[in-house]
Each structure stands twice: as structure tokens, then as C-alpha cells.
Amino acid sequence: MFLYNLTIQQPTVINQAFIGNFSGNRTQEIIVARGSTLELLRPDSTTGKIHSVLTHEVFGIIRSIVPFRLTGDSKDYIVIGSDSGKLVILEYNPVKNQFNKLHEETYGKTGCRRIVPGQYLAADPKGRAVMLGAVEKQKLVYILNRDSAAKLTISSPLEAHKAHTVVYHCVGVDVGFENPIFACIEIDYSDADEDPTGEAFLNTEKTLTYYELDLGLNHVVRKWSEVIDARSNYLISIPGGNDGPSGVLVCSENYITWMHQDCESIRIPIPRRPNRMDAHLGEEDERGVIIISNVLLKMKHALFIFVQTEDGDIFKITIDSINEDGYSKIREIKIKYFDTVPAASGMCLLKTGLLFVASETGNHYLYQIENLGDEDEDQPEFSSNDFPQGDIDELDDVTVYFKPRGLVNLTAVDEMESLCPLIDSKIINIGEEDSPQFYTLCGRGARSSFRILRHGLEVSEMAVSELPGNPLAVWTVKTSASNEYDSYIVISFVDATLVLSIGETVEEVTDTGFLSSTPTLDVGQLGDNALIQIYPNGVRHIRSDRRVNEWKAPGNKTIVKAACNQRQVILGLTGGELVYFELDPSGHLNEYQEHKEMASQISCLALGPIPEGRQRSKFMAVGCVDNTIRIFSLDPDSCLQPLAMQAVNSIPESLSIIEMKDFNVDGQNTLYLNMGLQNGILLRTAIDTVTGALSDMRMRFLGSRPVKLFEIKIKDEPALLALSSRPWITYTYQSKTTLIPLSYETLEYGSSFCSEQCPEGIVAITGNTLRILTVEKLGNVFNQSIVPLKYTPRRFILHKPTNTFVIIESEQNTWCPSEKAKFKENQMDTSEDNQEEELPPEQFGLPKAELGKWASCIRVLDATTGETTCEIELDNNEAAFSITTCVFQSQPDETFVVVGTAQDTILSPRNCTAGFIRVYRFTEDNKALELVHRTLIDDIPMALCQFQGRLLVGMGKILRIYDIGKRKMLRKCENKQFPNMILTIHTQGDRIIVGDIQESVTYATYKNRENRIIIFADDTIPRWITCTTMVDYDTVVGGDKFGNFFVDRLPASTSEEVDEDPTGNRLIYEKGYLQGAPHKVTHLCEYHVGESLTSINRTTLVAGGKEVLCYTTILGGIGVFIPFINREDVDFFQNLEMHLRENAPPLCGRDHMAYRSYYIPVKNVIDGNLCEQYNLLPYERKAMIAEELDKTISEVSKKIEDMRVRVAF
């Protein structure tokens, strides 16, 4: 068994985000790390949108990232610390739109190790050095400079190691142009390590340490160390030199302290929310506040720092300093509540006042700062002068509060959709659409969501207008070639033509010269300022002064098809006759004397674009009803001479000759012939610009209706709109050509649309309506429909009889409804303040409770409308953990919903006071659930599964079979021999496959005669299972929490032996092997995906495609494993993968094979993401690899593309 791995959607999480000028043209951009992917984002301050510029897979874990700019330079470099054991410096090349590797310095072993640097990365603010730190002991400093050719140079590493030291954070201190200094939060545990009593551990001190790089002596020294609060976790560098007082803000629990060498520290408390539910805890047990991210705003006369707490509250810190004797001295530090946004892994502030918030979970946001909050008098501002200062140990704890409120200073202007964390998914085609939909559970807490993902780009409707009848076609046309925007929309009906002018409004005009009493076949702009209208009986050439030249079809013939560009017109008459016209320099349309007779009726025509600096296009294409497409020359010397022919398997419906970039030849423009057939297939082939020969055929099935093709513009580049049973577009994006459907209803005809309000749009018709559309969020694979949820979702199922989803949600450390009500009753009469409205949890999160408190609910969701029809809150600290549907043998006409819950659950160590199995049935209207009964069980039921008309329950180490009773579930059979905790259960016949949380998969069988569950096989590798799926009777696939994917199969001989033993006595008395079951599974495939897998579905993603294994990851990524059918393809891709490992090494220096073999050596899986890097290589390398594979570049590229498009997207 061989599999081919492909990523459908890159992870949507953002681990780190930094701002910089990476293009070198004063444009601010944001570099983000998404797991193992590096992405460059560019916010557009005019539209308020954020666009992805470049995405690159690095095949490694990006541990740390920081922008770096040499002194006096205008361009930022990207410094990356990864699990490759190498420091990598990248430069963004805006011309080629790619990252170039400038330096790759090896410093340690691979992997994320405790003492190998890479976890922390800090840059000197003046651009002279970077420090690379490990979690423990090792720190390295690299000096960066430029040589005589102005190229970046890097020194050998300078060591700043200190044994028995754990580092919590690291930043570069701004000290102007003095020797660079780096600040670290450290703990020295050497005494605690040697003290068996544990006293030294309790007395361990956390310190702020300055490391100075002496540029003269070229070494690093510990310059200064000061004891700080033991709860300190975060450092913020303050501008120094001529820009500020220097030093760092040390952020600890509840406090922020400014510290610097030879200066007195200044401390200020972090304001807290007035949480009334914490009132019973007392100050010692009350939950503290810590800082998790920050961003600096430096203005001419002020210095602001925005800091964010783990609750999402943003505070504005103002540092007031004065200049004394050439040194800045801080007079006071002020802190004031600013706004509340989702908790961020990084915040970036642009000069235009846009604030980018990379959320830890859920969607990322771009905000506009409306004001700085100085006029917000409702919020108290706290000053350091109002609180005592001095030695930390001698100061009393001070608690201050602010008043939470909705957004006032920030306005959300754009949103980047993120699925992280993606908890569970199912792939089902409920709506009977062209491709199945992904139903996913995403998010955490009150910002959780149930999302429906449909393959396609999001479309925005700019306008929808009803027309007086059902139109046949629509075009847009400019009155002059120099016009920036379109002038008219021309709509053809069965017996009339309607012309609309485009301005501030769209309205009908009648004085354009167009003939309105006849249908129109084509409209175009000729020459500099003339128009042409082609109708069944002739051609109207409309001059700019409204003079009209008319050409009439000869005899009793009519025009059936037509095509035109700015200087040429081609007509197809009845009987298969071709008539060609060309515009002469004086502006007259001249007919070519010879007419070309085709062997059969003409079904479609296309003219190529006129190359820059030329008078005419050299080629035209003619499609005939005899299933052929011919290329003819339009050269004066060989006019209407055939050059090439292509036979197709259906009548061609539409043709388009379009010039697009070909990334097989370094992005040079290539002429393509696109052919839409009546059977719903789109063909694309390249036209040789000299000979007209056709080559490199590509094919896609678009839908059940004939394919119509129209040229449009996307990002000022030529693109193609293809209309079948659903609309599709082909466009170039990030150095690759993309064909993707639009998430919109069926369109019948379309054209490009360009106006002042909509520079790049599509005008289309469907039914009796005219629609103006724009395509947004290029690069997205899915269009999302979002249903907000109340708590963190855990699992969901589809109840097929009612076509509804049932979702279980459980939230840890928050209050259940009865507890909330009790608090409100107790505090109702204490003061008027307690009667304030509860904060909206969507913005402020759910109120926090102590450990072991849970809130949970069961939600019923209509699968077609997405509406919640029923919501059942679980009370008394009960939380839901598992769910399934079950048809019981005693009641075969009804499908029950079974939910596994537990009360007073503590996750570590795992414990609960009681577990329950709740059985629900749907009410008569199929919109709500009613409880049948609740059964007490021993442990947390983490897995439920229907089995032979009964219920399998996995609770802790016990696998138990239940049947339904009148008042409770009835215990029938059990096995207590499973290793740790049952997490997944799959069944087929008598076979049961159990996934354990720590010990991989276990095979068991149920012997009905003996009423016994017998374990007979397990795995030799202890895997921490997160999800599994049964592929066939003997084979299981799964993923673990460390990001590994595996395929295990039971040997055929063992499988037969088990099935042939009717009683199971032989299995019971077989001797265990390797401290486990008597038989072991064989490992067919092993592969490191890089992210924890959360679900695996066996499914078909495209119409007519083969089955694949589709997986989702916790970070929001979606991918597929495609099974190979023949050995020839396996050999080809194995050789290609081998060549790419040598010729296209990963960007961050990680060895590709070592990365895919992170925990277990990769086996029988080929990395399709690496194979697709072939298209990004320089032409010379592509040619060399293709030659080694005994193929051409286009053949290799086509084979790579076919692997994706035939089964996925």
C-alpha cells in the first residue's frame, strides 16, 4: 500500500506575527508563522483588507521568528529559529515573489530540544546582532553586518551559555549605539537540583539578566542581574538612545515593572475585571492577570505601548519621560483600559492606524484605531505615582479594577477566517451538490463555531437587477481604448438588444448606434474609439461620431457564431462558412476576399489577443459539430490556412484564446487555447506562438452543463470565467495557475466588468436578473458558513432520519447555570452594582471558575438551514464527552441519540464522581430532543458506538455492551483489559477496533455464543491516539497527538484464524506477546504530518473521483492521503521526491526525510507537497530533474497536477 499526501488547506492558525518592510519599498507587511508554513501578508490601507502575498511550506517547525534591519537600511530581513538546528536568514524578493535564503548557520542538533537554541530569538533594535536562546543553558549571539558589496554578512556564534538556567523570555534592549544588550528572564536551579529536602526549590529566585555584546572584544558577558517577581513571564523593550529611556517592562502576574541597570524600578498594577463570581474566593485564590502580547506606538511627543492580557483586554501604557543631562528619565507610567479583542499570539500596528490581531483561536482581525482613548472619561487611568515603589518583597499587593465595555476605540475592518482549533469534522453531501461539504467544529469557549465549508471562492454581490425578460447574453464595452472603465453593458434578448450606460448609476440609453430591434451575437471595441455589433443578419461598425458602416450577410445565410478583438472580426455563417475582417490603419473594416468553407457546422469561434506592438493576432480557433477544433493562421501570407487540429470527445461549446503566465518557463506569458465542451469538460492546451501547434493538454470536469468561457481580469492579470452547472474561474496566484469554483448559483452568461466603484468585477445573467459580482479572498479553498456556539464543541453526529446535527459542547473552568443562578441570588441585594448586565461572552469570554467546574449543552442543528432548533443545558456540573446514534434491536424503527456525560470531572489526574449514559429521542416535530432515561456508570464515557443493535461504551479501561431498557440501559457484557483509556471505537461484523489514549489500537472480537469480548491483537508502537478510522475489515488508519499518521493492518492469516474460532477459547488461552495481545498488527504506512490529527474521513471529494482519506488537524489544516493504483506512478513519484530533496531543500534547512520521520521512519507515503515544489524551481533545475525522469517539464508538471485534480482540489 502506497499513499500520496496532499494539503488541501494550509493551517489557519498564526503562531507568531511581526511587521516589517520586507519588500524594501516602504510598504508595511506582516510576516506570520503558521505551524510549518511561512506567509507574507499585505494590508491595504485604502480598502481595509488584508491580502496574502506569498505562502511557503518550510517542512519544519518554526519555533521563533523576528524581522531584522541593518542600520541605515530600508529593508527588513527575516531571521528564523526552527527545529533544523540552523539559524536561517531570508530575504523577500518582490520581483519573483519568493523567499531567498541568504544564510544558513548550523549551531546544534535537530528537533525541539531543551538545550538546543531556537526557542527564543531577539534582535538588537539598531540592527547589529541577534541572540538565539534555548529553553535551558545555551544562548548564542550572531553579529550581522554588510560587506563591501552591501551584502548581509554573519559572524561565527558567540556563546553566552550558563548551566542550570531556565529561560522564560528574551528581548533586545534598545541602548542606542552603545554595545548591544539582550535581556532575559532566568531561573538558576543549580541549588534546587542538589537539595533533596526541597527547601532550595521553594527559595529559587527569578532574575532579569542583561547580556552585553562587546563589539570591541567580540565576546558576550553577563552585565547585570536583578531579582524580579517569581511570576514574571514577559519582557517588553522600551526605545532608548535619543528615542526614550531604554530598559524593559517586566510583565508579571498582576503587575508591570519598568527596570533598567542603575535605575530605580517603577511598578504599576494591571487593572482587573470586577468578577463578582470570584468574590467568595478571597484575594489569595483570586485568579491573576498576565500579559501575553504587546505592540509599540511611537509618536513625535509620546510613547504608547498596547499590552494584552490572557482575557483579551488591551491596556494602553503611557511612559512620561524627561531629558536630564542628555539622558531620558521616567517621571511616571500610566495604564488605562483601551478595548477588548480576542486573545492574540501577536499584534502588529501599521503606520496607517490599522491594528492586526492574530488570534490564538478563531478568526484573525484587522482593526482601525479610531482614537487613542484619551477622551474616554468613563475608564479610570492609573499612574505609578499613586502607588508605593521600592523593593518588590516589601510592597503589599494592590488590586485595581476597570469597567469592561464594548469596542469604542477600535473598529473591525477585516476578518481572516481561521478554523483553529479544528476539533472534529464530517464530510457529507447533504445538499446533493457537485462536491461534498465539510462540517467542522472549531474554536474555543464562547467564540466557538460550527462551520460548513464548501469548495469555492466567496463572491460578493454588488448589484442585482431584474430585466424585462430572460436575456441570452451580456457584454461590457468601452467607447475608447484609452478609457479606464467600461462604458456600456449590452444585453441581448431573443428579439431585442438593451444597452445600459455605466456611471454612478446604471441606466438605459438609446443613442449609442446599436441596433435594438434584433438579438446580438457579439459586441466589441474596435480600433481606438469605434464599436462593433454583430447580429444574425450582419455587422454594424459604429464610429465615434455615430456614423455607422453596415455589412449584410450574403444571400439567405445568417451569422451563427462570431468573435472579435480590437482589430479583427471573424464570423461563422450557416453552412460552415468563415468570413474574416481586419481593421486597416484608416479605421475601415476590410473583408478578406476568400471565404473559408468548413466540413461541418461551426459551433464556436475564438480570436487570440493582439500581442503588444503588433497589428493582429496570428491565430484563430474554430470549433465544429464534428468534435474537432482547428487552429487557423491569420497571417497575411497564409490567411485562413489550417495550422493544427484537436479532436475532442464532445461537441465544443465555447473557445477562448488567452495569454497567461506559464510557471513551467519561469512565469513567461504563454498563449493557451481553452475549450469548453458540451459534456461539461474544460480542456486547456498551449499554442506555439510561431507554428500554432498544440501541446500540453490538461482536462477538468466542471459540471453537468455545457461549458461557456469568458475572459475577465483578476489582480490586473488575464483570467478565465467558465460557466457550467456552477461557475469556475482560472487565475494565476502566488506563482501557480488555479482553477476553482465560485460559491454562487448557476450563471448562464458572463463578462468582465470595470467601473469606478467595482474595478474588477463580473457582470452575469441568470434567469431574468442581471448581477454584478466581485471575487474576494483569492487563495482561499473554501467558502465558510458559520454558526456560533455557546461552549467549546467536543463531538457531533448526523441524525439521518431527521437530517439534523446533534452537537455536544463542554466548557471547563466555568459555571453551570445552577451555580450562576445561585451567585445571582446571593448577591442580588448586596449592592446596585451587582445588577449590571452580564458581559457578552462573545467578546469577553465566559466567566472563569475554579478547577473541576463545567458548563455543557446539547445542541440540535438543522443541517439544511443551519438554525438551532433545540438546546439542552446540562446542570449540576455535568459535562458531555461523547455522542452517537443507535438503533436498538428491540426498537428497530427508531434512531436514538446517546450522549456520554460525567459529573465533577477533573482531567489530571483523570477523575469524576459519576458517569452517565443519556438516551434521547426526537420529538414528533423532529426539532427537539426528549430524555428517555439516564444510566449511572463507573467512569467518563469517552467513546460510544452502535454494535449489532446494542451499544458499545468505552469508559476508562472498560469496554462494555449495553442494551436499552425501559428505565435505564442494561449491562450485557464487558472487558476490563484495555491499557489506559478508550478513546475511539469502530466495528464491522464481530470485529471491534479500539483506540487507546496512549497505547495505539487494539483488535477485539465479540463471541455471541459465549457473550464475551476477546482481545486478540494490538500494536507494537505506543501511540497517543487522537483519531482513527476503519478502512476495511482488517485495516485501521489513525493519527496521534504528535502529528503522526499511520496505517495498521491485521495479517490475513490471523484474521481468518480469529473468525474460524467460534467459541474464542483458543484466543483466550493464547500466550501474550511483548507484554500485550498474542498477535501484532503490521505497519503499512508511517508519516509525520506535523500537526495533531483530529479527524480522518474516508470519502470522495470530487465527482467521479476515487476514495481518499481526508484528515483535519488541530491547527486548522485539511489534507488528503491518496492511494496509488499502479506501481508505475509510485516509482515516478518516489524518484521525483528523491530529486527534489536534493535540488529543492526546505527553506529553513530541515532535512525533509528526517522531518517526515520525526518519530517513526516514513514508510510507503510520498509527500505531494514536496512534489508540488517542482513548479517553483528555476527552469534549469526543472529541466535537469525532468531529464533524469526521462520526461519533459510539461509532462512532469501535468502528472503532479493530475494527482491533485482527479481526486481533490
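Strand β44, residues 559-564, is joined to β45 by five bridges, and the two run antiparallel. I use pairing for strands between which DSSP finds at least two bridges; strands themselves are DSSP runs of E of at least two residues, numbered from the N terminus. What we are looking at is a predicted model, in which local features need pLDDT of at least 70 and side-chain atom pairs count only at pLDDT 80 or more, while totals for chains, interfaces and linings use all residues. Residues are numbered from 1 along each chain as its sequence is written, and side-chain values use heavy atoms, with hydrogens and water left out.

Three residues separate β44 from β45, and the two strands form a hairpin.

On its way onward, β45 pairs with β46, residues 577-583, in the antiparallel sense over six bridges. Here Gln568 stands opposite Glu582 of β46. This pair is also a hairpin with three residues between the strands, and Gly575 in the turn has a positive phi of about 90°.

How many of the residues of β45 are buried? The count is six of six for this strand, residues 568-573, where buried means under 20% relative accessible area, exposed over 50% and partly exposed in between, with a 1.4 Å probe and protein chains only. In a regular strand the side chains alternate between the two faces of the sheet. In β45 both faces are covered: Gln568, Ile570 and Gly572 are buried on one side, and Val569, Leu571 and Leu573 on the other.

I turn now to a second sheet. It is open and has four strands in the order β49-β50-β51-β52, with antiparallel pairing. β49 (602-607) and β52 (642-647) stand at the edges with a single partner strand each, so one side of each has no neighbour in the sheet. Between β51, residues 628-633, and β52 there are five bridges in the antiparallel sense; one of the pairs is Phe632 with Pro642 of β52.

Finally, a single residue. Ser882 is found in strand β69, residues 878-886, and is buried, with a relative accessible area of 3%. Counting contact as heavy atoms within 4.5 Å, and leaving aside residues up to four places away in sequence, Ser882 touches Ile808, Val898, Val899, Gly900, Pro941, Met942, Ala943 and Leu944. A polar atom of the Ser882 side chain lies 2.6 Å from the backbone oxygen of Pro941. Ile940 is 58 residues from Ser882 in sequence and 9.3 Å away in space, C-alpha to C-alpha.

Key: Polar contact = N/O pair within 3.5 Å; in protein donor to acceptor, adjacent residues only side chain to side chain.
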